[in-house]
Amino acid sequence: MIWRRMVYWGVCCLFVTVGVSRGVPGSSVTFRRTQEERPGQVRGRSRRDASGTAKLQHASPFSPCRLQLSSTEHEVLDDNTHETGFNGDDGSYVILTWVGDGTGVILVLSTINAPIEAFTGGGSSRLYRSTDYGKYFHDISHQINHTFIREEFGVSVGPRSSVILTADIPVVDHAGGMIFTSTDAGATFTFIQLPFHLAQPIAYHFLNHDYLVALSLDGGLWLSLDFGAHWTKVHDGVHSFAWGAGINLFFSCSKVDAVDAEERGDLQLKRTTDLGKTFTTIHEDVFSFGYIGTFLFFSVMEDSRSPRVMYCSSDQGETFSRALLPSASTEQFYSILDGDEDMIFIHVDNIGDTYFGTMYTSDDRGIVYTKSLDRHLFDGQRKSDFTNITSLRGAYLTNRLDEDGRIRSVISFNRGGTWRPLSKPENVDCEDTVKKCNLHIHGEHSRDDHLVPMLALSDPSAIGLIIAHGSVGDSLSSSQRPDVFVSSDGGYNWRGILKGPHHYSILDSGGLIVAVEALHNEQVKTIKFSTDEGQCWKYYNFTEQAFFFAGLASEPGTKALSVSVWGFRPEEDGQPMWVAVTIDFESLITKECKSGDYEQWLAHATQGVGTNRAGCVLGLKETYRRLKKQSICRNGRGFVVSKKQSLCSCTREDYICDYGYYRFESTSECVRQPHFVNKTLELCLNGEEDELLTVGYRKVPSDKCVGGFTPQNSVQTIIRPCSVKTSPSPPDKPTSPVSHFDTPKEKLVLILVCAGAATIVLIAIASAFFIVKRMVHRTRTPAYRFSNLQIQDEESGTSSNGTAGPHDSDIDLIE
């Protein structure tokens, strides 16, 4: 049972919730000496070649701009470059973690990778700590008694600079696991013996580090309310869990200790609102569930012979409704790509090994979905290239697999309402034989194939800035060496900035970009940096003795002006030694930015150009204050993005096609889908019948436009209790003369007569209604009519559950 559960968690962790890391002021990165196969890595269907089958047409090369580094600049950088050699440390990997926001504390965990020995004994770890952003490190391994720490659990950082390390000890010889906790950013640690063995990393509550949730190898759900000092088992047979809003905790569990319950969709979804004291059963026959933004999702096997369907709740599971999405068979899956409190993006896999599916966007209830993109790429590793461009509101980037078998990039600036190809970079041209010359961005698909070392990078503090690897031509190329491209306006326009693959990082809120070339089996000693968003670069040799590069590390949030280059250097004894070189650019860029160094920049300026709607996207026009490219100064840690907003009048672009409609190709008209013609779209939401009486348009969630375009002849949605028809209100009538029923007896007679007549009329209306409805039902079945499921309370002395894992781009709801 234990081994089965370990394999399950290592291979089929269905929910890695995006929302679980909210409010946690820490971030980790793992550096490895070699490209090893990860334990538990999912190997699905075979991968496809990004180049397709047609002959590729390459783009003409570009020449990056390089500026000479002056002797003075070289001296300043030399004085502010600090190299640390971790002598005697030959661990196969290191995990580097920032603790707290702006604290300057970095913890580095070095461990010999020995997953098998973890069950028989052996292995060792070292822990290092820096309090000055990585300039100097101190060996604090004695704080954890040199205990072997589990690689896959890493360093867990929670609110208020709290830290948890999980020891890797033999399961067969110990009644429970061991953890080390710290509440002072790793300055001191406390040893805690657990009464159980962990199946996955301990999960923090978003805001309170004292509230911890853990899942044991035998399926027990455990809670601690004092930062791990004491633990209480609250439920058995648990498979997964997730924190919701407040102290809501959701979990799926087996009804009994059933074998393979998760594979059969035989789980219960439960919730506790009082930290494990009482429980509520939300739904039976659940296959998997997830929580993102404010939405709770779960897939249900309503019948063992039928495909799975999706349900959604936006009120913490109090009420829920079936999502208007295509069902998914056992060969398909749902994957939540991104989401917030307004809407979500979800991918529904196509039937068969097609490597693509359909992307949908939801309404603000997470129930009604609109098709956003056909043939959305989803490779054999269950990962997509979908990217949220965080430096520009409403912008998303992804790849699709076209009918000719080629992979091409598309971008949306209105939250998936419409998609378009990326424009050709301004300094790159295609050969004359190329009919469509566009930029195509390498994503997760290419990184897994080791074509590129990094994904596209953006940050909310660096407005409009995107750095990404790409190929220019007809489609994405796996034979053409990818180059680095940059956009300064959120993806509208691009230019080539570096030849070949690189590791890159954004510093000082976009005021500084650094990059190190990704060389295969070659040592590095040079870092490139730019103060004008990649237009020109300066080169600096940060070490005299080159080493094999492992990765770049900079403080999360792009506020810092220092970066660390990590790698390993072969020693005379043949053993590698880990090396970290931290370069502080603050002494080089000494000028503080003044008002004259900034400009007013209108986001989405190319939208509606030449009209008063220029820059209007999602109902808002936003003008940002951002650094000029030619300004060489530092924003500093106190930099805050400032902007001015104004509302726009509505146009058709602010609307997407409603459920049952689609946008006719090359037009903005929404047309009724053929199989919905002459059908009433009805669904039951939260105990009320919601009849979708529209002309096919629905405002994009989070769109703030006012006035302007309104869909013609639209009828307000009719809301009424489920299965109850409402009668139209009688028209207003002119006031009639007062009738004379003055005596009490006359009034009583009148009341009785009216009551009897009303009763007869109601009976007649009800009879006619059911007769007509039965006749209509024989000729027309309402499309997608769902009933709200009852929430059953379960009285239990021991119940609770939940599971949350580390973030990994997508949430797969169905395997």
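Predicted model: local features only at pLDDT ≥ 70, side-chain atom pairs only at ≥ 80, totals over all residues.

Reader: Let us turn to the disulfides. How many does the structure hold?

Author: A disulfide is a covalent bond between the sulfur atoms of two cysteines. The structure holds five of them. One joins C65 and C536, with the sulfur atoms 2.0 Å apart.

Reader: Why is the disulfide of C65 and C536 described as right-handed?

Author: The torsion about its S-S bond is about 85°, so the disulfide of C65 and C536 is right-handed. Because C65 lies in strand 2 (residues 65-67) and C536 in strand 39 (residues 536-541), the pair ties together parts that are 471 residues apart in sequence.

Reader: Is C536 buried or exposed?

Author: Buried means under 20% relative accessible area. C536, at 16% relative accessibility, therefore counts as buried, whereas C65 is partly exposed at 27%.

Reader: Which handedness does the link of C616 and C648 have?

Author: That link is left-handed, with -85° about the S-S bond. C616 sits in strand 44 (residues 616-617) and C648 in the loop between strand 46 (642-647) and strand 47 (649-650), 32 residues apart. C616 counts as buried at 10% relative accessibility, and C648 does so at 5%. A further disulfide, between C650 and C705, is right-handed, with 95° about the S-S bond. Both C650 and C705 are buried.

Reader: Finally, which residues of the largest nonpolar core touch the most other members?

Author: This core has 28 residues, and L392, L422, L439, I441, V472, F485 and W494 touch the most other members. Strand 31 (438-441) and strand 32 (466-473) are the elements that give two or more residues to the core. The largest share, three residues, comes from strand 32.

Reader: What is L422 in contact with, leaving aside its neighbours within four places in sequence?

Author: Its partners include L397, V410, I411, L439, I441 and W494, together with S409 and N438. A second, separate core of 24 residues includes F549, M577, V579 and F585.

Terms used: Residues numbered from 1 in each chain as written. Heavy atoms only, no water. Core = buried A, V, L, I, M, F, W, Y, C linked by side-chain atoms within 4.5 Å. Buried < 20%, exposed > 50% of the residue type's maximum accessible area, 1.4 Å probe, protein only. Helix = DSSP H or I, 4+ residues; strand = E, 2+ residues; numbered from the N terminus. Contact = heavy atoms within 4.5 Å. Disulfide = S-S within 2.5 Å.
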